[in-house]
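Hi,

Here is the structure I promised to pass on. Have a look at it first, and then read on for what turned up.

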Amino acid sequence: MSVWNPDNIRDVAESVGIAALGDEVLTALSSDVEFRLSQVLEEAFRFMRHSKRTTLSTQDITHALRMLDVEPLYGYESTRPLRFGEASIGPGQPLFYVEDEEVDFEKLINAPLPKVPREISFTAHWLAVEGVQPSIPQNPTSADSRNQELLPKGPGANSTLAAISGNDAVTVKPLVKHILSKELQLYFEKICSALLDETNDEYSVAALASLRSDPGLHQLVPYFVQFIAEKVTHNLKSLFVLKQTMQLTSAMLDNESLYVDPYVAAIVPPVLTCLVSPRLGSSNNRLEHYPLRSLAASLLGLIATKYAKSSHTLKPRLARTCLKHFLDPNKPFAVHYGAILGLQAVGGREAVRVLIVPNLKEYGKLLQEAIEGNTPAKADAEMAVGAVLGVLEKLEGVSSTRLTNGYSVNDRENTKLVEKVGELLGARIVAMGRPHLVQAVLEE
C-alpha cells in the first residue's frame, strides 16, 4: 500500500491528456513516485547534514536532483525561508500553499523605471581580407591563435606514431591534466625502474608481486598501459624489456581489484607485437625469442577468456589476426609459430580443429622444403613443427574412439594421416607413438 494517493496520479495523467489509467498502473506509479521522493529527500538530508544545518532548504533539494541526474526545479531559489499557509478543503485534507508577499503599490509606482534595453540588431564583419584576419573584437585574438599553435600536430602528436616515423625525440604536451598524488607518482617511477633493472631480479619480482595484489592502483592503469605500448614500440631488439613488459601486463591482468576492461583495446597490440612480430631481439641467437612468443600467446588467451563477455567481437578479431599470419607463406616461421600458439590460446580445441588441421597439408609442404633444404630457416621451421604438434595434442582428449593397450598405427591409418597433414607432419605424429593422437587427428 503506497502512502502517495493514486488520485493525484490520475489528476496529473488527465492534465496531460491521458484519460484512462487502470488501478494496477495507478498503484505502480504511486509506489514509484513514493520511492523517487524518498530518494530525493534522503540525498537532500545528506546535503543538509554536511552543511551543519537543521533546516532543509530548496538548495538542498536542487543539489539532490542534480546528484540523481534529474533536471532541478526552477523558481524556488531564495535566500529567505518560504512561508507556507494551510487551508482546509475538507475533513482531514489540509492544503499547503506558499504565501504571497504583500506589495505596496505606492512604493511600486514611485520606484524609478529600469533602463530601456537595447533593440535587437545584427552587424556584418570580415573574417579575413585577402587571407589576413582583421584585428576587430569579433575575431579571435592573437593570444588564442598562439594557444592553438602550442597544441601537438603532425606525426609527433602521437608518441607511438612518432617512434614509427623516426621522430623519437618529439616532446608531446598533454591536452588533459591528470592529477596524481606524489605517492602514486613515486610508486609508478619505482615500479618502472625496477622492471627495467637487469641487475636486480629480486627488485623486479617484488614489483610484479606488488602489482598483482595491491588494490589502490586504479589511477595508474592508463599510465602502465601507455608505458607498455611505448616500451614495446621502442625496444623490439631488447628481449629483456619485451619480456618485462609482458610480465607487467600479466600482473595487471591478475590483479582482481583493477578494472582493465576499458583498456583491453590498448593492451592487445603490444601483446600481438610480441607474438607475431617478424623480428624480435638481436640476430645473434635465432631461438632466444620463442619463450617470449609463448608468453605472449598465453597472455592473449587470458585476455580472450577474461574479457570476451565485455567485448563480443574480441575473440573473432584475435583469431582472425592470428589466422591471417598463419596462412601467409611469405611470413617467417617465427611468425607462424606465434600465430599457431595464438590460435590455440584464443579458440582452444575448436580453433585447432577448424582453423589449423585443414591447412596442415599445404603448410607441411612449406615446412618440409625449409627442413630438407638445409636453409637458414631450418631451426625456425623445427620450432614451427613443435608448435603444430603441441597444439595437436589438445585434440587427443577429444577422440571418441576407445583404444586398448598395445594398439599401434597400421598402414591404412598411416596413409590417411599423410593424406591429411602431409608427409613431414604425418611422420612426426606417428613417431610420437601416441595412437590416441593419430585417431584424434583423423577424426577431425
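You'll find isoleucine 109 in helix H4, which covers residues 105–110. It also belongs to a nonpolar patch on the surface, together with Val103, Phe105 and Leu108. Taken together, the four residues of that patch have about 480 Å² of accessible area.

Before you go further, keep in mind that this is a predicted model. The protein chain has an average pLDDT of 81, and 85% of the residues score at least 70. One stretch to treat with care is residues 398–407, where pLDDT stays under 50. For that stretch the model has 14 contacts beyond four places in sequence.

Next, the aromatic rings. The structure holds five aromatic pairs. One of them joins phenylalanine 188 and phenylalanine 224: the ring centres are 5.2 Å apart and the planes sit at 50°, so this pair counts as tilted. The pair links distant parts of the chain, since phenylalanine 188 is in helix H7 (residues 182–195) and phenylalanine 224 is in helix H9 (residues 221–234), 36 residues apart. Phenylalanine 224 is buried, because its relative accessible area is 2%.

Phenylalanine 188 has another partner, phenylalanine 227. Here the centres are 6.4 Å apart and the planes are at 80°, so the pair is edge-to-face. With phenylalanine 188 in helix H7 and phenylalanine 227 in helix H9, this pair ties together parts that are 39 residues apart in sequence. At 10% relative accessibility, phenylalanine 227 counts as buried too.

Now for the charged side chains. How many salt bridges does the structure hold? There are ten. In helix H2 (residues 23–50), glutamate 42 and arginine 46 are four residues apart, so about one helical turn separates them. Their side chains meet in a salt bridge, at 3.8 Å from N to O. Arginine 46 also meets glutamate 43 in a salt bridge, this time at 3.6 Å from N to O. Glutamate 43 and arginine 46 are three residues apart in helix H2, so about one helical turn lies between them as well. The general idea is that an α-helix has 3.6 residues a turn, so residues three or four places apart point the same way.

Glutamate 42 is partly exposed, at a relative accessible area of 47%, and arginine 46 is partly exposed at 36%. Glutamate 43 is buried, with a value of 14%.

Elsewhere, Asp7, Arg10 and Asp23 are linked in a network of salt bridges.

Last stop: helix H19 (residues 435–443). Its buried residues include Pro435, Leu437 and Val438. The buried residues of H19 pack against helix H16 (378–392), helix H17 (411–421) and helix H18 (423–431).

Happy exploring!

Terms used: Residues numbered from 1 in each chain as written. Heavy atoms only, no water. Patch = residues over 30% accessible without salt bridge, like charges linked within 9 Å, V, L, I, M, F, W, Y side chains within 5 Å. Areas by Shrake-Rupley, 256 points an atom, 1.4 Å probe, with all protein chains shown as cover. Helix = DSSP H or I, 4+ residues; strand = E, 2+ residues; numbered from the N terminus. pLDDT = per-residue confidence, 0-100. Contact = heavy atoms within 4.5 Å. Buried < 20%, exposed > 50% of the residue type's maximum accessible area, 1.4 Å probe, protein only. Phe/Tyr/Trp six-rings, centres within 6.5 Å; stacked < 30°, edge-to-face > 60°.
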